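Trainee: Could you walk me through reading this model, one feature at a time?

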Amino acid sequence: MNDAHLHLVVNHFPIIGPILALGVLLAGIILKNNSVKNTAYVLFIVSAIFAALSAGTGDGAEEAVKNLPGVTKQIIHTHEEMADKLAIILYLLGLVSIVGIYFNIKNHPKAKLVSFFALGIAVVGVYVAKEVGTTGGEIRHTEIRSNPTPTVGTEKNAPLKDKEDKD
């Protein structure tokens, strides 16, 4: 298993985790249930940890794909910039979540305020996570690019031929 494979294994949770946790946090706020809010906070913390793991394997993944047909430095750079923004948001959200758990356990009067602060950060995080997923997908999935770059053998209207096709 190389860094590209490890990156693909860990990079989905920083995208899906905040989406799931946002829904759980919203339910906890609506239900006024600290246990549900704490569950969301734990999911945000785990998302931050996975963001660090994704960042740690990103350079190795870049090395594995940078010379592949259709993969440009700009596509990788755009993804890397968005991923860095998401990591910062998730690290902040992880810290806020630690405070939220502590305040909930201690029945602190500011616990409700922390949950709304986390909710706001999470909404921004979900948007940035969507952008990270899109820019990451564009690296190898040319079909989702807004301006697809043809790769070898995929020119427009080029027939797909099997090597053994003798026609």
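Mentor: Gladly! This is a predicted model, in which local features need pLDDT of at least 70, side-chain atom pairs count only at pLDDT 80 or more, and totals for chains, interfaces and linings use all residues. Residues are numbered from 1 along each chain as its sequence is written, and side-chain values use heavy atoms, with hydrogens and water left out.

Trainee: How many helices and strands does the protein chain have?

Mentor: Helices (H or I, at least four residues) and strands (E, at least two) are DSSP runs, numbered from the N terminus. Here there are 5 helices and 0 strands, giving the pattern α-α-α-α-α along the sequence.

Trainee: At what angle do the axes of H2 and H3 cross?

Mentor: Axes are lines fitted to C-alpha atoms, for helices over the stretch in contact, with angles from 0 to 180 degrees between N-to-C directions. Helix H2 (residues 13-31) and helix H3 (residues 34-65) have axes that come within 8 Å and cross at roughly 165 degrees. H2 is therefore roughly antiparallel to H3, a label for angles over 145 degrees.

Trainee: Which residues meet there?

Mentor: Contact means heavy atoms within 4.5 Å. Among the residues of H2 in this contact are Phe-13, Leu-20 and Leu-25, while H3 brings residues including Val-36, Tyr-41 and Phe-44.

Trainee: And the cores: which residues have the most contacts inside the largest one?

Mentor: In soluble globular proteins, nonpolar side chains tend to be buried together. A nonpolar core is a set of buried Ala, Val, Leu, Ile, Met, Phe, Trp, Tyr and Cys residues joined through side-chain atoms within 4.5 Å; buried means under 20% relative accessible area, exposed over 50%, partly exposed in between (1.4 Å probe, protein chains only). The largest core has 32 residues, and Leu-25, Tyr-41, Phe-44 and Leu-93 have the most contacts inside it. H2, H3, helix H4 (73-105) and helix H5 (111-140) each supply at least two of its residues, with H5 giving the most, 10 residues. A second, separate core of 5 residues includes Val-65, Val-71, Ile-75 and Ile-139.

Trainee: Is Asn-34 buried, exposed or partly exposed?

Mentor: Asn-34, in helix H3, has a relative accessible area of 29%, so Asn-34 is partly exposed. Leaving aside neighbours within four places in sequence, Asn-34 is in contact with Asn-104 and Asn-107.

Technical notes
Parallel < 35°, antiparallel > 145°, perpendicular 65-115°, else oblique.
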